[in-house]
Amino acid sequence: MSIQSPESLAHAAAVRDAAEPPSTRSIATRPPERRPRARGRQLLRLLRALSRNGKAVAGLVILLVFVALALAAPLLFPGDPSRIGSGGATPPSAEHLLGTTAKGQDVLALTIWGARSSLLVGFVAGVLSTIVGIVVGLTSAFFGKRVDDALSLVTNVFLLIPGLPLLVLLAAFLPAGLGTVIAVLVITGWAGSARVLRAQGMSIRGKDYVGAAITSGERPLRIMLREMLPNMASIVMTTLLACVIGAIGAQAGLEFLGLGDANTLSWGTNLFWASSDGALMIGQWWIFVPSGLAIALVAFALALCNYAVDEVTNPRLRRPRTARSATAPTTVARKEDAR
Amino acid sequence: MTLPIRRRAVTVLGIGAAAAIALSGCTASGTGAGSGEAMLTIPREDMGTFSQNFNPFSPTAAPMTQQAIYESMLVYNPANGETVPWLAESWETSADGLTQTFDLRDDVSWSDGEAFTADDVVFTFGLQRELLGGFDYLADVQAVDDDTVQFTLASAFSPALFELGQQILVPEHVWAQQDDPANFENPEPVGTGPYTEVSNFQAQSFDLLPNPDYWQDDAQHIAGIRMLAFAGNDGANLAAINGDVDWAPQYIPNIQTAFIDRDPEQRHYWFPPTGAMINWQLNTTLPMFSDARVRQALSMALDREQIVDVGMSGYTTAADCTGLSGAYDAWRDDAIVDACDWTTLDLDAAGALLDEAGYVAGADGQRTTPDGQPFAFDISVGSTSSDWLSVANIIAQNLGELGIEASVDSPDWASVVAGYETGEFETGIVWSAAAPTPYQFYRNVMSTESVKPVGEQTFDNYHRFGTPEADALLADFAAASDGAGQSAAIDGLQQLFADEAPVVPLFSGPEWGAYTTERFTGWPTEDDPYATLSTRAPTTVLVLTTLQPVEG
Amino acid sequence: MRFILRRIGFYLLAFWVSITLNFLLPRLMPGDPVTRMLSRSQQRLEPQQIEALQQMLGVNGGPWWQEYPDYLRRVLTGDFGVSISRFPTPVTEVIAQQLPWTLLLGGVSLVIAVVLGNLLGILAAWRRGGLLDSVAPPLLVFIGSFPYFWLAMGALYLFGVMLGWAPLRHAFSVGLTPSWDPTFIGDVAAHLVLPALSIVLVSIGGWMLGMRNTMIATNAEDYILMAEAKGLSPSRIMLRYGARNALLPSVTSIGMSIGFIVGGALLTEVVFAYPGVGYQLLAAVQGLDYPLMQGLFLTITAAVLLANLLVDLVYVRLDPRVRVA
């Protein structure tokens, strides 16, 4: 999962590019909104619909809990959580709810403090990747022709170069640190979102209201930001969520391999230390489980939101074809095939 | 749509899956051989894969090249301070200290049957100096006769005995034919060692079988040595814990619970503190670290007990003011140790010393340097050494209590060492020289000849401290022809170290080693320290020629 | 044919970009990699070796337009130089030893995940709202949310150490010599179980959901309705009419997923000390073995590109519309 990045989104678009088979029309790229005047309202409607979606609410609640815990870390566990104490590793007890590490650090404190950097890196890298994706995708879609050819080529090349090996190579060459981790994640993560956003942008570019804006002499930047982008809210959101999932996982992977900055306190470094202290070997599961579970829960929550966005915007997934399964729990879209 | 083709594609996928599932349905097969013919299995934790390179001059030679395949004239054992004659029966130093004569055994032959002679020794030293340099003090090496080799030194240098005696020896008849000996992979090595025959070489493991012409009777009790490759401690430790290896020479965290407790009868460990001293070095070219009082005060602020307990899992002993590791217990002057206090935690005394030196605390508790800057610096340590990283964190924590702001800087080792070498660092954790005598240690931390200006690359004395007094004492030691003279010089150096604190010694590097008696017995122990449990030391061959398989 | 040629051209271009990236990285990096490397390994190399290294890494100080063609020529002739951590073995030799194991691990995991995932997806979509459809997707997505290495370590500890069901490390038992006899093949298979399991666990959810959703879309097609109207048996409709058409996007996904499998294999190999290219890549990074790192990266990239080309070829056979386009 460390490599489940937005690239996965893109192969749906790849299918379409290669063949455009009508019977298998991919769901990731859905028809754009038809109302040219709706602009900013699409996002609002999307959010309103999401608030009534069980999955979205569940995912959001999990996320908010983690964000709240991360923000409250200094209040919950004042002092330096990685401060080395004595006493060695102790199993969970009333005093230390999740036990302590071999260095006498409270595991719960480490996990909650670790959320800060993990979530920060995940969201910053995710947002930056998406922004790069939007810029490249929209430019590509708006200008078309040569610009599109060139940008698509670069995007496809970056999509194909295997992410984690490139990540490892970059991390090996650049000095360790949070900035490096974020930069490296953006470099390896933007292409997937660019691919999807370009495909979506292309179809909006063909709409009459965009054509009208061009004829009326509006500046390209304004058209892209005011006319096109607002109508892509849902796809931008799914892209963003996928990018964040990818970034959090990739950061953990890098740090686990010892390629991150061992002094930052994050879930990945917690696992790195758990492993280098041999926690699992001697059955000290309480050191090993919390950070891994936290990563999984956050990724799961983001995935839930992602599926919810899909359901809300894609009626076919919501309504089963036949009545026999009217009570079917609606699930998921093809967001993450082929990690 | 072309249905037939699709069907084919789907069928192929189906067969693949079925095969894969069938494959993965197989049961695990047991590892490890039974007793009797069992191979002595040893993990190597820092080589992810092996290359069939048994060139002893190559830094990437396969493990055991220098321990089981090639041998030296003598073996120095730091665990008990004894010197074991090996390919040489005896040796003699001339009264003026300028000649070293080794009497070689006459019953030694190479594993291809050729006799081992003094010419091989002469050839090896020529090759060693050509390929890797060193031995600059040697004026000449001569074969007096087949079994006698004589070294002439340019000037008296008493540590030479061990350096010359522990040089790995290679056969002239093989190596003289190599056009490019530095790059010679030597896949089928010819050596004098007990286990020279390479067998079943794989990237993940290889075996060494007994040398058919070994010179010692009754020394090859084991069927062979089996090395396993691991890219990190994790895998190697798992192998040890699971009982897949007989000898685990790597760091095992929580060894008591993780390893011993699973079979307390058979499993044992012994971590003698006979490795090199691990130091916290302060760049003495910086004004704040040029004052011996500051260096001593910083040392007094350290909780070495916690460092040893938490950072090193309690596996070693804390340093004292002589800076000597456990390998040099015989040289240690207890009077100096007792009289000195700057390696004992004492925050008040440390604070007083800093106040005296002008590093006073402000209203916020933070200390400033005499010119008003905050007293703050980095502690460099390589990111891959997780144990030392913990040590650095504890140091930073300890100093915080004294009002000093130390932050841990941990890029990869390459950039850390690059900074050390050019003198562009503030403080850092560093190893020290390991040699049979303390001469090298003291030369590297205190001699003026080893000091290079900042910006110029050096491979020792990173902290750039030198004093002429040390030079004089080191010269005395080199020229001393007897033990008494050497001791006197080393006593002087210990006192000088205690006065100057050129580096802040932390703890002796332990010689890691754990083993199980399930398949082999006769391991060195604290009660019988005939060698250490290292698999990379000159003493390894002593263990290899002592171990006995368990009968049955 | 034009489609294929276009794709081949594209892959060649992608390969050129990765070669160039490889050329640029050491030059963009702060400091001189050769100095860093030598300081780390503490080894003394002959001046001509240092020069050769600098040339391989493109840092010998000459202007890039002189070094670059030279670098390209060496890469294209398969000359990646000599490995530092396994000196003096050539990089190509090291890679040749490791690559088959990654291909085996990646291939087996991919096939199991694809086949099993798609089957589950077909069943879930067909019995929409059934037990499988309601339990499996959230469960698999949750399992898939764990980091590869975390699952791998968990599996290693649980099945390897605690239960002793599977070997703990390496690609085959120590002491065996690779051959084609059944004992050895069985041994290799046993060593494959846990590494492959962790990759399959993480990736299977994606395949299942992808297939399920495409199936749902396909089931809405008129020809399915037509088949139902004709009174064909449900299983026949499901497999012959629904699944067969829904499989198409899965084929494209295979191409995309190869890169991810390689990444997953990297982390899994590290946990299981499985002697593949990912394990070697990490060892090379730890040993600052830049020539080996670059060689491995290019090999992995080339393998992924090649696999994608193969998928494209298969796709052309499966979907005639591409040929016309």
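## Helical chains A and C, sheets in chain B

Chain C comes to 13 helices and 0 strands, where helices (H or I, at least four residues) and strands (E, at least two) are DSSP runs, numbered from the N terminus. Everything here comes from a predicted model: local features need pLDDT of at least 70, side-chain atom pairs count only at pLDDT 80 or more, and totals for chains, interfaces and linings use all residues. As for labels, residues are numbered from 1 along each chain as its sequence is written, while chains are lettered from A and ligands numbered from 1 in the order in which they are written.

Let's stay with chain C for a bit. Along the sequence its pattern reads α-α-α-α-α-α-α-α-α-α-α-α-α. Two residues are in contact if their C-beta atoms, placed from the backbone, lie within 7 Å. Among contacts in chain C between residues at least 6 apart in sequence, 74% join residues at least 24 apart.

Chain A can be read in much the same terms. It has 13 helices and 0 strands, and buried residues make up 59% of its 339 residues. Take the contacts in chain A with a separation of 6 or more: residues 24 or more positions apart account for 74% of them. Chain A also touches chain B, with 16 residues of chain A in contact with 22 residues of chain B. On the chain A side, that splits into 7 nonpolar, 6 polar and 3 charged residues. For these classes, Ala, Val, Leu, Ile, Met, Phe, Trp, Tyr, Cys and Pro count as nonpolar, Asp, Glu, Lys and Arg as charged, and the others, Gly among them, as polar.

Axes are lines fitted to C-alpha atoms, for helices over the stretch in contact, and angles run from 0 to 180 degrees between N-to-C directions.

| Helix pair | Angle | Axis distance |
|---|---|---|
| H6(C) (131–144) and H8(C) (182–219) | about 140° | 7 Å |
| H9(C) (222–230) and H10(C) (234–272) | about 155° | 10 Å |

H6(C) and H8(C) cross left-handed, and the crossing of H9(C) and H10(C) is right-handed. Left-handed means that the near helix is turned anticlockwise from the far one by less than a right angle, right-handed that it is turned clockwise.

What do these helices put into their contacts? On the H6(C) side there are Ala136(C), Pro137(C), Leu140(C), Val141(C), Ile143(C) and Gly144(C), and the residues they meet in H8(C) include Leu201(C), Ile204(C) and Met208(C). By class, the contact of H6(C) with H8(C) has 10 nonpolar, 3 polar and no charged residues. In the other pair, Tyr223(C), Ile224(C), Ala227(C) and Glu228(C) of H9(C) meet Ile237(C), Tyr241(C) and Gly242(C) of H10(C). That contact divides into 5 nonpolar, 1 polar and 1 charged.

Over in chain B, we get sheets. Two strands pair if DSSP finds at least two bridges between them. One open sheet has 4 strands in the order S4-S5-S7-S6, with antiparallel pairing. Its edge strands are S4(B) (88–93) and S6(B) (138–145), each pairing on one side only. From one strand to the next, the twist averages 15°. S4(B) and S5(B) (residues 99–104) pair over 5 bridges in the antiparallel sense, and the bridge partner of Ser90(B) in S5(B) is Asp103(B). Helix H3(B) (residues 118–131) packs on this sheet, touching S5, S6 and S7 of chain B, and its direction makes about 165° with that of S6(B).

Another open sheet in chain B has 4 strands in the order S1-S10-S9-S8, and here the pairing is mixed. S1(B) (40–44) and S8(B) (195–199) stand at the edges with a single partner strand each, so one side of each is left without a neighbour in the sheet. On average, neighbouring strands of this sheet are turned by 30° against each other, direction ignored. S9(B) (residues 205–210) and S10(B) (residues 225–229) run antiparallel, joined by 4 bridges; Ser205(B) stands opposite Leu228(B) in S10(B).

Most residues other than glycine have a negative phi. Ser313(B), not a glycine, has a positive phi of about 55°. Ser313(B) is in the loop between H9(B) (304–311) and H10(B) (334–339), and it is buried, with 22 other C-beta atoms within 10 Å. His170(C) also has a positive phi, near 65°. His170(C) lies in the loop between H7(C) (148–162) and H8(C), and is buried with 24 other C-beta atoms within 10 Å.

Notes:
Buried ≥ 20, exposed ≤ 12 C-beta atoms within 10 Å, placed from the backbone.
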